[in-house]
Amino acid sequence: MHVVAVLALDGVVAFDLAVPGQVFGTTTTSGNVPLYEVRACTAPGGAETSPMLGRMRVETPFGLDALASADTIVVPGHENVRAGPPAEVLDALRHAAARGARVASICVGAFVLAAAGLLDGRRATTHWRYAGALARRYPDVEVDPSVLYVDGGQVLTSAGVVAGIDLCLHLVRRDHGSATAARTARRIIMPPQRDGGQAQYIRHEDPPDDGAALQPVLAWLEANLHRPLTLEDIARHASVSVRTLTRRFREQAGTTPLQWLSRARVHRAQQLLESTDLPVERVAAEAGFGSPVTLRAHFARRVGASPLAYRGAFRARTPPS
């Protein structure tokens, strides 16, 4: 069985610590057979959680030796990113990576991976509030503060809080496919997939009151997904230039108009595949992709499965009475 070791350093963020157990610990086959064993471990001296909920002691039978046999190691965030991790922690991470273990971080856990040299020459992310500090402290790391997570193959990093769930679901998808990941997501009441490149945050937290809010445009797009819309069509409906439209999407939606449209169309296709028996050709037309070939290309890139495979896994069935 695939062993996941979750390294709790002193001051560990309780939510980050719980995320790998919640995701990997609830991942099973369709026959409800567990696919992962999750082991929380600590450095010598143990660990306490950060004081957000009052300090709690982390009691676990596993120490750093658990990293030596783990297939995947997850380093959650902890409260004191200014202090360097103990040398023995860094050595254990380096040795694990050298033997081929997969290593991932949640939030400011990226500072620990960087201190171990595992992010040198790599693109990585962390919580946007700490991205500047990470880049300054470790100039050999290419820090991207705008994304939810970065999959660097053997080494992965994620942004803060819920982005850790996105990363863990992504790993499940890598290991066992989109159907298994979606089944896990439904158990923990999460969207099956958020793109790693999705923005961490939107700069305009409240809709502007100057008539520049995107909501009417987004509602119009949702109602017209079946149409072959261009940037010019969308800008014309919004009564702005293409440049202004693109800027507002970046600021308020964290993406471009066409990327937003593609995601919305894939989501519409998912809904139709789950809830109807429409042939793929009709699904492609209703979702605005025009042809099954175009639908399959976009669907595979965003969902990781073909439309028919997705339907086979998630077609809604009448629950037993």
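These legends walk you through several close-up views of one predicted model. Residues are numbered from 1 along each chain as its sequence is written, and in this predicted model local features need pLDDT of at least 70, side-chain atom pairs count only at pLDDT 80 or more, while totals for chains, interfaces and linings use all residues. Side-chain values use heavy atoms, with hydrogens and water left out.

**View 1. Phe15, Val161 and Val162 form a nonpolar surface patch.** The patch covers about 220 Å². Patch members have over 30% relative accessible area and no salt bridge; like charges are joined within 9 Å, and nonpolar side chains (Val, Leu, Ile, Met, Phe, Trp, Tyr) within 5 Å. Areas come from the Shrake-Rupley method with a 1.4 Å probe, and for residues only the protein chains shown count as cover. Phe15 sits in helix H1, residues 14-24; helices (H or I, at least four residues) and strands (E, at least two) are DSSP runs, numbered from the N terminus. Phe15 counts as partly exposed because its relative accessibility is 39%; buried means under 20% relative accessible area, exposed over 50%, and partly exposed in between (1.4 Å probe, protein chains only).

View 2. The buried residues of H9 are Thr244, Leu245, Phe249, Glu251 and Gln252.

**View 3. Arg55 and Glu79 meet in a salt bridge.** Side chains of opposite charge can pair when their charged atoms come close. A salt bridge here is a side-chain nitrogen of Lys or Arg within 4 Å of a carboxyl oxygen of Asp or Glu. The N to O distance between Arg55 and Glu79 is 2.6 Å. This pair links distant parts of the chain, 24 residues apart: Arg55 is in the loop between strands E3 (47-48) and E4 (57-58), and Glu79 is in the loop between strand E5 (72-75) and helix H2 (87-98).

**View 4. Asp91 and Arg94 make a salt bridge within helix H2.** Their N to O distance is 2.9 Å. Because Asp91 and Arg94 are three residues apart in H2, about one helical turn separates them.
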